[in-house]
Amino acid sequence: MPSYERVMGTVCLVNLYDNNKQKCYDEIFERLRQIDEEFDADKKQSDIALINDFGFERPIMVCDDVYSVLETAVKISEITEGAFDPTVGSLVSLWKIKSGSPHEVSANDLKEALSVVGYKNIILDPESKSVRLKKKGIQLDLGAIAKGFATDEIVKIFKKHKVKKAVIDLGGNIYVYGKKSLSKPWNVGIKNPQLPDSVPLVKVALPEISVVTSGVYERFYDGSAKSYHHILSPSDGYPVDNDILSVSVISPSSMLADAFATAFFVLGTEKSLQVLYSARKEFRMEIDAIFIEKDRGIVFSENFPYFYSILYDEWERKSPKSPL
Ligand code: ADP
Ligand code: MG
């Protein structure tokens, strides 16, 4: 029986395909609750809340989990030239992303929120594992990477318990673990962003790996026809509006897949394909991506190594606009 729990602002589902693994389930959900306590900016005593409240006044010593995720987050911000930025907290509050109520924001409020966005204001000290903020008012938000980190932590628990085969779905962060069967790979479906509750748009045959999708399945409009959703451009402060409906990133590291899915959504397909090269080199990790675009074209990263099928006739594979 699979097991699930509400944690990290979403539902985490784990299937171990084994009825004698209650201990393993318990350890997994315990670990997730711990990670939630460390990362949730809304929990007053979390490391992230402490950095946000006092990081400008003094260095804040943080736990290993938060330190290592911040280190990776800053590296990804550098590689993506700030398209991914863990200091978007002020914008997330301004747009009321967590309460999900779309609304207009004033130019002044936007300017103010943007003035405290910028990953270069995060100062990490590896010796003392402490974090300092160079600017007053900076608000860290690790919502685009923490679930990926947590997913990788679950995989560590699988290894410890010698789990043979399992699936994780942590709010859309998928991990297929072990071998599905001797003869068959895992099949992971990528949602059709225009019909999110229907048959998947793409099916990909995969070995043990993570798949993370950042997408906009619902767009809210007000009179100005601007779209509101939860992925924000750190350069202009608005919800990103480009050719992309969703980006799925496939990698053995769910943390990288999570962060790059968000970053690629911001960067757009062509720029992302360039960044993908540097990312693979920097992290020495397989990273592939599927970009689903508004014109019903689907772009796969170069030399995409997995078998896939597109399940709708009106959608087709297309080449990026400017091949590398
Ligand atoms: P989801 O959490 O729905 O799986 P993402 O992984 O793409 O989606 O993360 C989106 C969350 O990340 C937002 O809710 C917000 O907290 C944060 N975020 C939004 N825009 C950015 C950005 N450009 N860089 C880093 N984090 C972002
Ligand atoms: Mg993400």
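**Figure 1. Residues around ligand 1 in the predicted model.** Ligand 1 is surrounded by 18 residues, a residue being near if one of its heavy atoms lies within 4 Å of the molecule. Asp141, Lys147, Ser214, Leu232 and Thr262 are the closest. By class, 10 nonpolar, four polar and four charged residues make up the shell; Ala, Val, Leu, Ile, Met, Phe, Trp, Tyr, Cys and Pro count as nonpolar, Asp, Glu, Lys and Arg as charged, and the others, Gly among them, as polar. Helix 7 (residues 254-267) gives the most to this shell, with three residues. Helices (H or I, at least four residues) and strands (E, at least two) are DSSP runs numbered from the N terminus. This is a predicted model, in which local features need pLDDT of at least 70 and side-chain atom pairs count only at pLDDT 80 or more, while totals for chains, interfaces and linings use all residues. Residues are numbered from 1 along each chain as its sequence is written, chains are lettered from A and ligands numbered from 1 in the order in which they are written, and side-chain values use heavy atoms, with hydrogens and water left out.

**Figure 2. Polar contacts of ligand 1.** A polar contact is a pair of N or O atoms within 3.5 Å. A polar side-chain atom of Ser214 lies 2.6 Å from an oxygen atom of ligand 1. For Lys147, an N or O atom in the side chain is 2.8 Å from a ligand oxygen atom. Ala144 contributes a backbone N or O atom, 3.3 Å from an oxygen atom of ligand 1. Taken alone, ligand 1 exposes 560 Å², and the protein buries 89% of that (Shrake-Rupley method, 1.4 Å probe).

Figure 3. Nine strands with mixed pairing form an open sheet in the order 1-2-6-7-10-13-14-15-17; two strands pair if DSSP finds at least two bridges between them. Strand 1 (3-7) and strand 17 (316-317) are the edge strands. Helix 1 (residues 22-39) packs on the sheet, touching strand 1, strand 2 (10-15) and strand 6 (165-170), where contact means heavy atoms within 4.5 Å. Strands 1 and 2 run antiparallel, joined by five bridges, and Val7 stands opposite Thr10. Two residues separate these strands in a hairpin, and Met8 in the turn has a positive phi of about 55°.

**Figure 4. Strands 13 and 14 with helix 8.** Strand 13 (residues 244-251) pairs with strand 14 (residues 288-293) in the antiparallel sense over six bridges. Ser246 stands opposite Ile292 in strand 14. Helix 8 (residues 269-283) lies across strand 13, strand 14 and strand 15 (297-300), at about 170° to strand 14; axes are lines fitted to C-alpha atoms, for helices over the stretch in contact, and angles run from 0 to 180 degrees between N-to-C directions.

Methods:
A polar contact is a pair of N or O atoms within 3.5 Å; within protein, one must be able to donate a hydrogen and the other to accept it, and residues adjacent in sequence count only if both atoms are side-chain atoms.
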